[in-house]
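Hi,

Here is the structure I promised to pass on to you. Have a look at it first, and then read on for what turned up in it.

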Amino acid sequence: MTDVNGLSIAILGGTGDQGKGLARRFALAGHPVLIGSRSAQRAHDAAGSIGSGATGGENADVAARAGLVIVAVPYEGHKALLESLRAELAGKIVVDCVNPLGFDKQGAYALPVEEGSAAQQAAAVLPDSRVVAAFHHVSAVVLMDPAVDKVDLDVLVLGDDREATDTVQALAEVIPGVRGVYGGRLRNAHQIEALTANIISVNRRYKAHAGLRITDI
């Protein structure tokens with residue numbers, strides 16, 4: 001297993017539910033966590049609410065300082081943000097967990113993405129970064145719940161760089177109960193992102209915070 005001990009992690013969009021939940025779990029596992037936002041004050045406030053040594057700053061600042069960067073922003077601002085941070089993200093592993101979804105009275109549904117998926121869009125915008133898709137199906141409610149010691153799910157990790165996907169699989173496993181599972185090349189990210197709409201439907205019907213487990217491995 002790849003050693004990720006001491007790896008610093010920036011989370012762009014770390015003031016949102018998903019980003020803050022991941023930040024909390026990584027900080028509890030002992031990682032230096034930097035929360036990014038368009039507003040430095042909002043990022044500082046979010047870091048303060050998490051504790052465990054987390055710090056905050058503007059997106060460009062934390063992206064430049066971290067060893068690995070997680071993108072957890074709303075899809076609407078995804079492309080523009082990454083275009084603005086191309087220099088700061090060069091050479092880094094960039095983990096995209098953005099789900100391009102729409103919502104109407106029938107529930108959640110997947111949005112079309114010109115590049116195929118949000119992760120592929122990130123790879124197109126960031127040619128000098130090592131883009132990996134992961135953490136799409138982790139419940140923010142579960143991540144933030146102090147009563148949940150172990151998070152019962154597998155994180156599917158997709159990418160074209162074996163060293164990068166191994167690193168992200170190992171990072172997923174610092175969260176107690178989580179297993180990182182290789183899920184294919186980046187070109188297969190669309191169905192992983194789109195599956196989030198199905199999981200949202202499951203959770204609404206059964207009033208749950210469901211995750212995924214892959215069997216027989």
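The largest pocket holds about 1100 Å³ of space. Please keep in mind throughout that this is a predicted model. The lining of that pocket is made up of 36 residues, and Asp17, Gln18, Ala72, Val73 and Pro74 are the ones that lie nearest its centre. If you want to find your way around by elements, the ones that give two or more residues to the lining are α1 (17-28), β6 (101-104), α7 (140-144) and α9 (189-206). Which of them gives the most? That is α9, with 5 residues.

Next, the annotation. The UniProt record, an unreviewed entry, has a domain called "Pyrroline-5-carboxylate reductase catalytic N-terminal" covering residues 9-100.

Then the aromatic rings. How many aromatic pairs does a search of the whole structure find? The count is 1. The partners are phenylalanine 26 and phenylalanine 135, arranged edge-to-face, with 5.9 Å from centre to centre and 80° between the planes. Phenylalanine 26 belongs to helix α1, while phenylalanine 135 sits in the loop between β8 (130-133) and α7, so the pair ties together parts that are 109 residues apart in sequence.

In α2 (residues 40-50), the buried residues are Ala43, Ala46, Ala47 and Ile50. They cover an arc of only 100° around the axis, which means that they are on the same side of α2. Turn to the face that points away from the buried side and you will see the exposed residues Gln41, Gly48 and Ser49.

Two backbone spots are also worth a look. Serine 52, in the loop between α2 and β3 (55-58), has a positive phi of about 55° although it is not a glycine. Serine 52 has a relative accessible area of 43%, so it counts as partly exposed. The other spot is aspartate 216, in the segment after α9. Aspartate 216 is not a glycine either, yet its phi is positive at about 70°. With a relative accessible area of 79%, aspartate 216 is exposed.

Valine 148 is in the loop between α7 and β9 (153-159), and at 21% relative accessibility it counts as partly exposed. Between the C-alpha atoms of valine 148 and proline 176 there are 9.7 Å, with the two residues 28 apart along the chain. Serine 8 is in the segment before β1 (9-12). Why does serine 8 count as buried? Because its relative accessible area is 17%, and the cut-off for buried is under 20%. The C-alpha atoms of serine 8 and leucine 89 are separated by 14 Å, and these residues are 81 apart along the chain.

Cheers

Terms used
Residues are numbered from 1 along each chain as its sequence is written. This is a predicted model: local features need pLDDT of at least 70, side-chain atom pairs count only at pLDDT 80 or more; totals for chains, interfaces and linings use all residues. Side-chain values use heavy atoms; hydrogens and water are left out. UniProt positions are given in the numbering used here, feature names are shortened, and annotations may be inferred rather than shown by experiment. On a 1 Å grid over the protein atoms alone, a cavity is a set of points where a 1.4 Å probe fits but cannot get out, and a pocket is an open set with protein on both sides within 12 Å along at least five of seven lines; lining residues have an atom within 4 Å of a point. Grid points are joined across faces, edges and corners, and a volume is the space filled by probe spheres set on the points. Helices (H or I, at least four residues) and strands (E, at least two) are DSSP runs, numbered from the N terminus. Rings of Phe, Tyr and Trp (its six-membered ring) pair if their centres lie within 6.5 Å; planes under 30 degrees apart count as stacked, over 60 as edge-to-face and the rest as tilted. Buried means under 20% relative accessible area, exposed over 50%, partly exposed in between (1.4 Å probe, protein chains only). The arc is that of the directions from the helix axis to the C-beta atoms.
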